[in-house]
Amino acid sequence: MSIRRAAAALGAVSLGLVLLTACEKPTPLATVTVGTKTVTTEATDKCYADGKKLPSAIFIACLSAAPKHTITVKPGEKVRVGVDPSIGEKGWLIASGVNQKTDVLKDETYWTITESAGIFTASDPQTGSSMPLKNATLNIVGSPDANSDNVFGVWQFKLVKAA
């Protein structure tokens, strides 16, 4: 009886190891916290190449993709952004849509956007005046500099402005 149990346990462990080796390695995580709500995500599909540079066309497509995770922001609330240490070591920045909001943050894993109202404004390309937005895409761009040819990942969140 004990030989059967040992064989079954060995078979289960072996099967588990085989299944684990077939899994994809998860991408580093990024997190956004507003008030008491927190949303965490891996990089957007095909927007992380295991730490290697993304081709420019893929980077542009990543910025254009629709975010899968949403969080609501009340007027005056702080938006807190955290990244996996592997992202922080290489460098990252925060962009609202395609507009860069921070300088490159290097060796940091946390940043607070104290005035969330700036996220919910866009410039009218024709007049240059500010337009209020009901929602915005917050892009976390993994890059050691602000050069779009040197991006290794994009993580996205949809921020919705509370009434």
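How many of the five residues of strand β1 (residues 30–34) are buried? Four of them, so select β1 to begin; buried means under 20% relative accessible area, with a 1.4 Å probe and protein chains only. Strands are DSSP runs of E, at least two residues long, and helices are runs of H or I, at least four long, numbered from the N terminus.

This is a predicted model: local features need pLDDT of at least 70, side-chain atom pairs count only at pLDDT 80 or more, and totals for chains, interfaces and linings use all residues. Residues are numbered from 1 along each chain as its sequence is written, and side-chain values use heavy atoms, without hydrogens and water.

**The strands around β1**

Click valine 34: its bridge partners are lysine 37 in β2 and valine 79 in β4.

**The disulfide**

Select cysteine 47 and cysteine 62. Their sulfur atoms lie 1.9 Å apart, inside the 2.5 Å cut-off for a disulfide. Cysteine 47 sits in the loop between β2 (37–41) and α2 (56–64), cysteine 62 in helix α2. The link is left-handed, at -105° about the S-S bond. Both cysteines are buried.

**Threonine 102**

Go to the loop between β6 (99–100) and β7 (110–113) for threonine 102. Its relative accessible area is 8%. Its side chain reaches the backbone nitrogen of isoleucine 94 at 3.0 Å.

Methods
Buried < 20%, exposed > 50% of the residue type's maximum accessible area, 1.4 Å probe, protein only. Polar contact = N/O pair within 3.5 Å; in protein donor to acceptor, adjacent residues only side chain to side chain. Pairing = 2+ DSSP bridges.
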